[in-house]
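Visitor: I would like to go through this model and ask what stands behind the words used for it.
Guide: Go ahead; the structure is shown here.

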Amino acid sequence: MRFLRALAVPLALVAMIGLAGAALGRVYADALLSQLVLGAAVGSVGISLAARRLPSWLVAPLSVLVLIGYAGFALWLTARRAELPGDFATVAADAARNGIPRLLTALIPVEPTPDTVIVPVVAAWLAGLAGAEVGIRAARVLLGLAAPVALYAGALYVVGPNASPVLWMTVVFAAAGALALAAGGRPEHADPADAAGAGLTPAVRAALRLRMFASTALGLVVVVGLAAAVAPLVARRVGTTPVDPRRYVQPPQVDSLDENPLIRISGWALNPDQVLLEVTTRGSGDPAGQATPSAAPDGGDDSDDGTGSDSEDPADDGTGTGEPGDEAGPAGSASGLRIRLAVLNDYDGVTWKVGATYRNAGRVLPAADRVPNAEVERIEQDITVRDLTGRLLPAVPTPREVSGSRVAYDQASGTLIRPEGLTEGLRYTVVSERERPDYNLLPGATVPFGDEVARFLRVEPGAPEQMQRLAEQLAEENGAPYARAVAIETFLAEHYRLVADAPSGHAYPNLGFFLFGPPNGGGQRGTSEQFAAAFAVLGRMMGLPTRVVVGFQAPPGTGPVRGADALAWPEVLFDELGWVPFNPLPLPNTQPRPVEQDFKPEPEDPTPPPEEPSQPPQATPESTPEPAAAPGGSRGPGVPVLVGGGTGGLLLVLVGLALTVVALRRAQRRRRLAEGTPAQRIAGAWREVTDALRLAGRPVPDHLAATEVAAHARSSLAGTSDADGPEADSGGPDAGSATPARRRRHTRGGNAGRPPLRSATPPVDDLAELVNLAAFAPGHATEEQARRAAELAVAYADELRASRPWWRRVLWSLHPGPLRWRD
């Protein structure tokens with residue numbers, strides 16, 4: 001019996017620590033963690049029992065040595081199961097260094113990997129060591145149970161709201177603790193008074209029993225009172241959601257380059273032969289899986305593979321629509337497989353952003369919600385990184401298993417990152433499940449709405465008015481959601497040109513210039529960046545939930561993925577069909593139709609009213625002459641007084657208007673240069689320069705970029721007063737059609753023999769660089785840069801005004817034009 005009582009405390013400790021591992025294991029992908037924690041409990045308690053006859057100062061070092069061996073075994077086992085690359089020392093050091101943050105940022109269900117098991121295993125071992133030494137060796141059972149209780153509470157805290165509560169674990173845990181207290185706390189003598197009062201008189205022993213009974217009763221009253229006071233608080237917390245500790249830990253982040261990889265499209269397009277990846281595909285990569293959604297419902301018979309896709313040429317309808325990868329794609333290939341790099345969900349009017357929350361994940365990724373009745377195809381790829389940089393990890397949507405690299409995963413978008421960043425030579429294997437929905441259902445499909453998709457419908461203020469009018473025109477002509485999406489796709493494919501040398505940019509001004517800029521000035525041409533971004537913004541204006549995806553077109557079988565294979569495409573969310581990709585790119589070797597044929601960028605002039613028919617003159621009846629006024633009988637002021645008073649009043653009105661214009665102009669300059677964010681003040685300084693050029697008779701053409709405007713400004717300042725002739729007032733050749741090189745030649749040689757107007761020209765090129773910084777790197781402009789922009793703008797405007805004739809200098813400050821010109 002004594003032997004069983006001696007085993008009760010060790011067994012209770014092992015059971016309680018094992019239950020803590022089981023509670024934590026509810027958020028893990030399998031039972032391996034629970035088994036490792038149970039092994040740590042048996043090992044730590046067993047060593048303490050075996051070393052009971054050794055001095056206490058030897059037990060802890062001996063137990064720690066065995067802990068190191070057991071932890072090494074756990075790390076080796078989990079690393080081999082997860083197929084992690086690298087030697088054991090590197091993996092162990094990385095796990096020891098990052099175990100806690102990765103445990104709290106891991107994607108649930110957590111796969112047992114070295115960095116997600118090291119902390120629970122070590123904590124379980126130390127809890128067993130402390131509980132055994134205090135509860136068994138020192139016979140302080142209650143104090144010895146504090147370590148397993150703390151471990152169990154910590155496990156529940158880490159689990160948080162990510163697993164359903166299991167009441168039986170807590171009941172068994174409490175029962176094990178009660179058993180340990182009952183068995184380990186019982187003294188050798190049955191009667192405590194007999195043990196404490198051996199040799200005492202009966203009266204003293206009776207008094208001792210009474211005192212012990214009173215203290216026991218008092219303790220019981222205190223415990224019951226505490227239970228009565230705490231019970232309501234605990235009862236109110238039963239139905240509440242536990243706090244998730246993961247919200248206090250920042251998950252793996254991406255830098256600005258990975259937050260918006262859409263801006264990298266133009267760079268890859270300018271280096272078409274750059275090898276970014278090497279891909280080997282096992283599975284179906286045929287174009288049947290890449291059928292165009294817009295052609296499927298109208299393409300006639302379905303193909304024999306049962307995918308619901310059209311087997312005919314996706315360009316048969318002449319729209320150039322289809323998913324990236326058909327012959328409308330930039331790579332010009334009708335075969336291959338699309339690899340997704342990033343999904344961009346959020347647009348603020350300046351840039352598209354990923355907006356994802358990445359969680360550390362293991363080899364097996366959680367299953368995503370599948371589209372109803374969609375066929376699923378399993379695709380396996382071996383990918384080797386070459387010149388691709390950043391953290392984003394390419395994969396065919398939707399990845400399910402990744403081996404060869406530690407990854408973080410955003411379950412909402414199904415995209416991956418490598419927190420350490422990509423390195424040349426990195427090789428990993430990804431198994432994906434590609435869905436094939438029935439695109440024949442698209443014509444009657446609806447789109448979701450509400451708070452869940454609000455981020456995909458948000459249109460920030462400041463969109464170009466012409467872009468809004470285009471969206472309204474397309475929406476009026478097409479009612480169904482799918483018809484609207486196809487209308488945008490067709491309009492972009494038929495009216496715009498796909499080029500590789502278009503500058504990057506997809507802010508509202510960039511999209512406005514892409515859609516409505518003059519073709520001979522660089523407008524109406526762009527890379528897949530502008531096509532995808534314009535589609536997505538127009539779609540949101542028409543009530544379609546859209547997003548932009550960046551990826552690559554991989555070759556079938558084995559082959560490299562080059563810069564020319566990079567592309568962006570838009571996707572639209574439909575009920576019961578999920579995200580459906582569209583391809584607004586034009587067909588190769590096709591001539592775009594003028595935009596004006598289907599859309600008027602400017603409203604048409606109203607039809608003048610018909611002229612009224614001329615009426616024949618009618619004879620005026622003779623009127624009776626008024627009797628002549630008697631001399632000296634006239635009343636009121638004379639003619640000279642009226643003329644003088646009227647002239648003076650008119651002059652006062654003109655002077656008042658002039659002073660008002662001057663005051664408003666000064667207030668406008670102060671508002672532009674001194675109020676708002678640094679980026680807004682830089683833009684205001686730029687408006688001061690463009691207004692000055694317009695006042696000088698050298699207006700800036702709309703199609704010029706900032707650097708070209710700077711060259712135009714230099715040529716305007718280098719001219720003499722004769723530049724204010726009719727040609728300068730009308731814009732002239734140099735104002736719009738001349739290239740920057742022509743303007744520079746004109747500046748250097750056109751004024752030969754004439755003295756310069758000033759000794760130094762304000763560096764307007766510096767202001768152009770600040771404008772580009774504020775436009776394409778929002779949030780990076782500083783106060784000092786804003787002040788510098790204001791100084792440059794004022795200096796240039798003053799210099800330009802001083803170079804004008806005297807009559808232009810007089811009228812410069814009185815001109816009301818800057819007050820009504822679009823700010």
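Visitor: What makes both faces of β16 covered?
Guide: In a regular strand the side chains alternate between the two faces of the sheet. On one side Ala566, Ala568, Pro570, Val572 and Phe574 are buried, and on the other Leu567, Trp569, Glu571 and Leu573 are buried too.

Visitor: How do you know that β16 pairs with strand β14 (residues 546-554)?
Guide: Pairing requires at least two bridges. β14 and β16 are joined by 7 and run antiparallel, with Arg547 opposite Glu571 of β16. Strand β17 (residues 578-581) also qualifies, since at least two bridges are needed and the antiparallel pairing of β16 with β17 has 4 bridges. There, Leu573 has Trp579 of β17 as its bridge partner.

Visitor: What lies between β16 and β17 in their hairpin?
Guide: There are 3 residues between the two strands, and Glu576 in the turn has a positive phi of about 65°.

Visitor: Why are β8 (399-403) and β15 (558-562) said to stand at the edges of their sheet?
Guide: The sheet is open and has 5 strands, in the order β8-β11-β6-β1-β15, with antiparallel pairing. β8 and β15 each have a single partner strand, so one side of each is left without a neighbour in the sheet. Neighbouring strands here are turned by 25° against each other on average, direction ignored.

Visitor: What joins strand β1 (residues 275-282) to strand β6 (residues 375-385)?
Guide: They run antiparallel and are joined by 6 bridges. Glu278 has Thr384 in β6 as its bridge partner.

Visitor: Which residues touch the most other members of the largest nonpolar core?
Guide: Trp268, Leu277, Trp352, Leu388, Phe552, Phe574 and Phe582 do, in a core of 84 residues. The largest share of this core, 8 residues, comes from α16. Beyond its neighbours within four places in sequence, Leu388 is in contact with Arg264, Trp268, Leu276, Leu277, Leu341, Pro394, Leu422 and Phe552. Another core lies apart, with 46 residues, including Tyr28 and Val141.

Visitor: How does the span of helix α13 (residues 465-477) compare with the expected value?
Guide: With 13 residues, α13 reaches 19 Å from its first C-alpha to its last, close to the 18 Å expected at 1.5 Å a residue. Its buried residues, among them Met467, Leu470 and Leu474, pack against α14 (481-495), α15 (508-516) and α16.

Visitor: Where is the confidence lowest, and where highest?
Guide: Helix α22 (residues 740-749) is lowest, at a mean of 36, and helix α16 (residues 528-541) is highest, at 97. Over residues 602-635 the pLDDT is below 50, and this stretch has 3 contacts beyond near neighbours in sequence. Where pLDDT is low, the predicted coordinates should not be read in detail. The protein averages a pLDDT of 79, and 78% of the residues score at least 70.

Note on methods: Residues numbered from 1 in each chain as written. Predicted model: local features only at pLDDT ≥ 70, side-chain atom pairs only at ≥ 80, totals over all residues. Heavy atoms only, no water. Axes fitted to C-alpha atoms, helices over the stretch in contact; angles between N-to-C directions. pLDDT = per-residue confidence, 0-100. Contact = heavy atoms within 4.5 Å. Core = buried A, V, L, I, M, F, W, Y, C linked by side-chain atoms within 4.5 Å. Buried < 20%, exposed > 50% of the residue type's maximum accessible area, 1.4 Å probe, protein only. Expected span 1.5 Å × (residues − 1).
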